[in-house]
Amino acid sequence: MELTKLRGRTYYIQAPTNVGVYRYKNGLCALIDTGLDNTTGRKLLETLEENGLKVKYILNTHAHPDHFGADNFIKENQPASIIGASPLEKVFMENSNMENIILYGAAPMPGLSTRVLKAKDTAVDIELTEGFVELGDKKFEIVPLEGHTIGQIGIVTEDGVIFCGDAFFSEDKMEKYPLPFVFDVGAHLKTLEFLLESNYDCYVISHCDGPVENPKSLIQKNIDNINENLGLITDILSQPQTREDLTELIIKKYDIPMNISQYFITITSVSAFLTFLLEKQSISMDIIDGKMYFYV
Ligand SMILES: [Zn+2]
């Protein structure tokens, strides 16, 4: 892992989940997200140590395990660090089984609680809400970026760098996962429109090699991707389908590799698209003979 400068005192460490680093003058730093697990946490601390840095703050964009899974390891090793998250994401971080509960809709079935979907419960010390938060002698702007999750936030440093979490994805990732994981399609589209109009100096997303080179064009491609998925689902629903049958057709269309976790991630995203289309009254729903059908 390597500490790479973006602008001013804002750096990042490229990893499977990129980690933002804001350097204070006194050898302390604020991290934005941490990564999946203890192994990542150990590598992260080694890299920071090589650069003479100790962690003071850990600011989480959202409660997916690949973003906060290493928080506990860092806090155990550097107990003075303070963990922050939005009020809604805090609920998921402190009760890490919640992610599986929303995916399954009840006590999760055996096989669902894999490492990728469940981190350890992580206590959150401070709630990050919209607006400016002063940490040490520096201000960070907290920007709501809901949609991918219920309460995702973006974090902007004084250098004009915004860390966007999973608010949008690289072209590579969209190719690999044509149906993105979305909790709320309407909120996600609003977030993308907001980012499209925004004017930060530098945009960092979590799963991408380096800062985003052409943010406007990439954000627009993410909007197009959501609209294509809405179109695809609407086309399929010219014949009435149950949610499970629609999910099957999407899995086959995109050739999504399957296991229990991936199945529930997929059906949850499909459900989010169905909610959006029902709200827009683009589709209807009926329950016939014990089956719930969606159709145009
Ligand atoms: Zn995520």
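User: What covers the buried residues of H1?

Analyst: This model is predicted. The cover over the buried residues of H1 includes strands E2 (10-13), E3 (19-23), E4 (28-32) and E5 (54-59), together with helix H3 (71-77).

User: Which residues of H1 are buried?

Analyst: A residue is counted as buried if 20 or more other C-beta atoms lie within 10 Å of its own. In H1 the buried residues are Thr40, Gly41, Leu44, Leu45 and Leu48. Viewed down the axis of H1, these buried residues fall within an arc of 130°, so they line one face of the helix. The face turned away from that buried side carries the exposed residues Thr39, Glu46, Glu49 and Glu50.

User: How many residues has H1, and what does it reach from its first C-alpha to its last?

Analyst: Helix H1 (residues 38-50) has 13 residues and reaches 18 Å, close to the 18 Å expected at 1.5 Å a residue. H1 is followed by Gly52, whose phi is positive, near 70°.

User: Turning to the sheet, in what order do the 3 strands of the open sheet stand?

Analyst: The order is E13-E15-E14, and the pairing is antiparallel. Strands E13 (241-242) and E14 (284-288) stand at the edges with a single partner strand each, so one side of each is left without a neighbour in the sheet.

User: Over how many bridges do E14 and E15 pair?

Analyst: E14 and strand E15 (residues 291-295) pair in the antiparallel sense over 5 bridges. As an example, Met285 has Phe294 in E15 as its bridge partner.

Definitions and conventions: Residues numbered from 1 in each chain as written. Predicted model: local features only at pLDDT ≥ 70, side-chain atom pairs only at ≥ 80, totals over all residues. Pairing = 2+ DSSP bridges. Helix = DSSP H or I, 4+ residues; strand = E, 2+ residues; numbered from the N terminus. Expected span 1.5 Å × (residues − 1). Buried ≥ 20, exposed ≤ 12 C-beta atoms within 10 Å, placed from the backbone. Arc of directions from axis to C-beta. Contact = placed C-beta atoms within 7 Å.
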